[in-house]
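Work through the exercises below with the model open beside you. Try each task before reading its solution.

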Amino acid sequence: MLTLSFSQYALGGVAGSVVGLTLGLVGGGGSILAVPLMVYLVGVDQPHVAIGTSAIAVAANAATNLANHARRGNVKWPCALIFTAVGMLGAAVGSTIGKAIDGHKLLALFAMLMLVVSALMLKNRRSATSTETVRCSENAPRLALIGGLAGTLSGVFGIGGGFLVVPGLIAATKMPILLAVGTSLVAVTAFGLTTAASYALSGYVDWPLAGTFILGGAGGGMVGACLASRLSKSRGALNIVSAATMAATAMFVLYRSL
């Protein structure tokens, strides 16, 4: 088990604030910064602990946002349940795979995934304008397939996977992006909890650090949400800056882990 200093727990709060601020400003993809921040800023020298602990934070952040979207009616529960049920199985399998991989090699793979996410962030999101009814039962096979793949990746790397879930839901059902974002949070919450439970059973979760990270993330998220409304006209520029930051972080992680 880790023995962290008070300053490291304080840095955990700072790291959470950075992730929360990023999520508030640009949305999906920000949570992937949690693991490298825990390793290189906080100083968690066990990558598996960083992944397991970040999974708790990802789930908590997603649950908070899910409550907000659910109140606004932005969640298609039938689609969410199909996608999430299979995805949780994938997350359980993925977390088992992740724990079996050497920590430094896992960080290298994580960095490669970050490069993919940074590239996806540069693509413009287009809001769907379709007025067709979203049919979850008819699209159940596609929902299950994409959910399983997204859940597996989530489990391996301890990420929410929203950058995969949102386009996956749109591809499977052609639902508008607002509904896809709200619905995706059901899966992201469940994937995070499944992954965290698996890592926790193996002793790979530092609960006090998770707590400070979540508290920092809540504060950063509120600031990010406020700034997002003021900087809405600069959202494209914010995405570019965030993608570049993520790519630079990925290159640093690759350098340190290889």
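A residue is buried under 20% relative accessible area, exposed over 50%, and partly exposed in between. Keep in mind that this is a predicted model.

**Exercise 1. Classify Ala197: buried, partly exposed or exposed?**

Step 1. Locate the residue. Ala197 belongs to helix 8.
Step 2. Read its relative accessibility, which is 39%.
Step 3. Apply the cut-offs. Ala197 is partly exposed, because 39% lies between 20% and 50%.
Step 4. Look across the chain. The C-alpha atom of Ala197 is 8.3 Å from that of Gly52, although 145 residues separate the two in sequence.

**Exercise 2. Describe the surroundings of Ser184.**

Step 1. Classify it. Its relative accessible area is 4%, so Ser184 is buried.
Step 2. The Ser184 side chain comes to 2.7 Å from the backbone oxygen of Val181.
Step 3. Set aside neighbours within four places in sequence. Ser184 then touches Val165, Val166 and Leu169.
Step 4. Trace these partners. Val165, Val166 and Leu169 are among the buried residues of helix 7.

**Exercise 3. Compare the span of helix 7 with the expected one, then find what covers its buried residues.**

Step 1. Helix 7 runs over residues 162–173, twelve in number.
Step 2. From first C-alpha to last, helix 7 reaches 16 Å, close to the 16 Å expected at 1.5 Å a residue.
Step 3. List the buried positions: Phe163, Val165, Val166, Gly168, Leu169, Ala172 and Thr173.
Step 4. Recall the helix geometry. Residues three or four places apart point the same way, because an α-helix has 3.6 residues a turn.
Step 5. Name the cover. It includes helix 4, helix 5, helix 6 and helix 8.
Step 6. Look just past the end. Lys174 follows helix 7 and has a positive phi, near 60°.

**Exercise 4. Repeat the analysis for helix 6.**

Step 1. Helix 6 has 18 residues, which should span 26 Å at 1.5 Å a residue. Its end C-alpha atoms are 26 Å apart, so the two values agree.
Step 2. Pick out buried residues. Among them are Gly147, Gly148, Gly151 and Gly155.
Step 3. Name the cover. It includes helix 2, helix 3, helix 4, helix 5, helix 7 and helix 8.

**Exercise 5. Which aromatic pair is stacked, Phe83 with Phe191 or Tyr199 with Tyr204?**

Step 1. Count the aromatic pairs. There are four.
Step 2. Take Phe83 and Phe191. Their ring centres are 6.5 Å apart and their planes meet at 25°, so this pair is stacked.
Step 3. Phe83 is in helix 4 and Phe191 in helix 8, 108 residues apart. Both Phe83 and Phe191 are buried.
Step 4. Take Tyr199 and Tyr204. Their centres are 6.1 Å apart, with 55° between the planes, and the pair is tilted.
Step 5. Compare accessibility. Tyr199 is buried at 0%, whereas Tyr204 is partly exposed at 23%.
Step 6. The charged end of Lys99 sits over the ring of Tyr199, 5.9 Å from its centre.

**Exercise 6. Summarise the whole chain.**

Step 1. Count the elements: ten helices and zero strands.
Step 2. Judge the burial. Of 258 residues, 50% count as buried.
Step 3. Consider contacts between residues at least 6 apart in sequence. Of these, 85% join residues at least 24 apart.

How values were computed. Residues are numbered from 1 along each chain as its sequence is written. This is a predicted model: local features need pLDDT of at least 70, side-chain atom pairs count only at pLDDT 80 or more; totals for chains, interfaces and linings use all residues. Side-chain values use heavy atoms; hydrogens and water are left out. Buried means under 20% relative accessible area, exposed over 50%, partly exposed in between (1.4 Å probe, protein chains only). A polar contact is a pair of N or O atoms within 3.5 Å; within protein, one must be able to donate a hydrogen and the other to accept it, and residues adjacent in sequence count only if both atoms are side-chain atoms. Contact means heavy atoms within 4.5 Å. Helices (H or I, at least four residues) and strands (E, at least two) are DSSP runs, numbered from the N terminus. The expected span of a helix is 1.5 Å times one less than its number of residues. Rings of Phe, Tyr and Trp (its six-membered ring) pair if their centres lie within 6.5 Å; planes under 30 degrees apart count as stacked, over 60 as edge-to-face and the rest as tilted. A charge sits over a ring if NZ of Lys or CZ of Arg is within 6 Å of the ring centre and within 35 degrees of the ring normal.
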